[in-house]
Amino acid sequence: TWTWSGWIKRSELSSNQFFFGAGADDGGNTNQILFFFLGNNRFRITTAQIVLRETSQSFADPASFFHLVVAFDTTQSTASDRIKIYVNGSQVTDLSITGNPAQNADTGVNSAADHRIGQGSGATYSGSSYGFNGYLAECILVDGSQLDPTSFGEFDTNGVWQAIDTAG
């Protein structure tokens with residue numbers, strides 16, 4: 001059970017770009033978790049073997065930051081509740097691919113394995129050709145809680161999603 005939060009601004013579009021990876025390269029790569037943008041600018045969460053989520057939404061605006069929250073809890077009895085994605089405070093429910101980890105699966109996040117920002121994790125995806133080209137700000141990884149976006153941001157009086165102080 002864990003939550004990843006970060007503000008992202010892409011500089012290059014239309015290419016595979018990994019920006020977070022965690023877990024050991026165990027040959028089958030079943031406990032790796034990888035976050036990346038595909039060449040069609042959709043966001044994907046995957047192990048090296050299984051696509052867990054892919055958004056229908058395209059993230060192709062290099063002019064502004066957006067806030068992404070990915071919340072995992074593999075102990076949830078309802079499979080679709082094990083992974084939740086939020087963009088700018090709203091849950092993403094329009095997905096082109098939905099796969100679910102097994103109940104109580106170990107994802108490798110917050111384990112003793114490599115954790116990488118700006119590229120994938122492990123030998124399979126650590127090459128520079130898959131590196132992220134853009135900006136990442138306020139990347140936060142919370143262990144033990146599947147949090148929603150209000151732990152990291154709020155809407156201002158104009159309805160714009162803004163970061164909040166997450167100290168403490």
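Guide: Five strands form an open, antiparallel sheet in the order β8-β7-β6-β1-β11. Strands here are DSSP runs of E with at least two residues, helices are runs of H or I with at least four, and both are numbered from the N terminus. Two strands pair if DSSP finds at least two bridges between them. This is a predicted model in which local features need pLDDT of at least 70 and side-chain atom pairs count only at pLDDT 80 or more, while totals for chains, interfaces and linings use all residues. Residues are numbered from 1 along each chain as its sequence is written, and side-chain values use heavy atoms, with hydrogens and water left out.

Visitor: Which strands stand at the edges of that sheet?

Guide: β8 (90-91) and β11 (134-143). Each has a single partner strand, so one side of each is left without a neighbour in the sheet.

Visitor: And how many bridges join β6 to β7?

Guide: Five, between residues 66-72 of β6 and residues 83-87 of β7, running antiparallel. Within that pairing, V69 stands opposite Y86 of β7.

Visitor: Stepping back, how many helices and strands are in the protein chain?

Guide: One helix and 13 strands. In sequence order the pattern is β-β-β-β-β-β-β-β-β-β-α-β-β-β. The radius of gyration, taken over C-alpha atoms, is 15 Å, close to the 15 Å from the globule rule (2.2 Å times the number of residues to the power 0.38) for 168 residues, so the chain is as compact as a globular protein of that length.

Visitor: What does the C-alpha trace span along its principal axes?

Guide: About 50 × 35 × 30 Å.

Visitor: What share of the residues is buried?

Guide: Of the 168 residues, 39% count as buried. Buried means under 20% relative accessible area, exposed means over 50%, and partly exposed is in between, with a 1.4 Å probe and protein chains only.

Visitor: What about contacts between residues 24 or more positions apart?

Guide: They make up 62% of the contacts with a separation of 6 or more. A contact means heavy atoms within 4.5 Å.

Visitor: Switching to charge: how many positive and negative side chains are there?

Guide: The chain has 8 positive and 16 negative side chains, and the centres of the two sets lie 8 Å apart. Lys and Arg count as positive, Asp and Glu as negative, and His and the chain ends are not counted. Each charge is placed at NZ of Lys, CZ of Arg, CG of Asp or CD of Glu.

Visitor: I'm looking at I45. Where is the place of I45?

Guide: I45 belongs to strand β4, residues 42-46.

Visitor: Is I45 buried or exposed?

Guide: Buried, because its relative accessibility is 0%.

Visitor: What does β4 pair with?

Guide: Four bridges join β4 to β5 (residues 51-58) in the antiparallel sense. I45 itself stands opposite R53 of β5. The two strands form a hairpin with four residues between them.

Visitor: And which other strand do bridges join to β5?

Guide: β9, residues 95-98, through three bridges and again antiparallel. E54 faces I97 of β9 in that pairing.

Visitor: How many residues of β2 are buried?

Guide: Six of its six, residues 17-22. β2 pairs antiparallel with β3 (residues 33-37) over five bridges, where A22 has I33 as its bridge partner. Three bridges also join β2 to β10 (residues 115-117), antiparallel as well, and there G21 stands opposite R116.

Visitor: Changing topic, what is phi of N41?

Guide: Near 70°, a positive value in a residue other than glycine. Most residues other than glycine have a negative phi. N41 is in the loop between β3 and β4, and it is buried, with a relative accessible area of 8%.

Visitor: What about phi of N104?

Guide: Near 65°, also positive in a residue other than glycine. N104 is in the loop between β9 and β10. Is N104 buried or exposed? It counts as exposed, at 54% relative accessibility.
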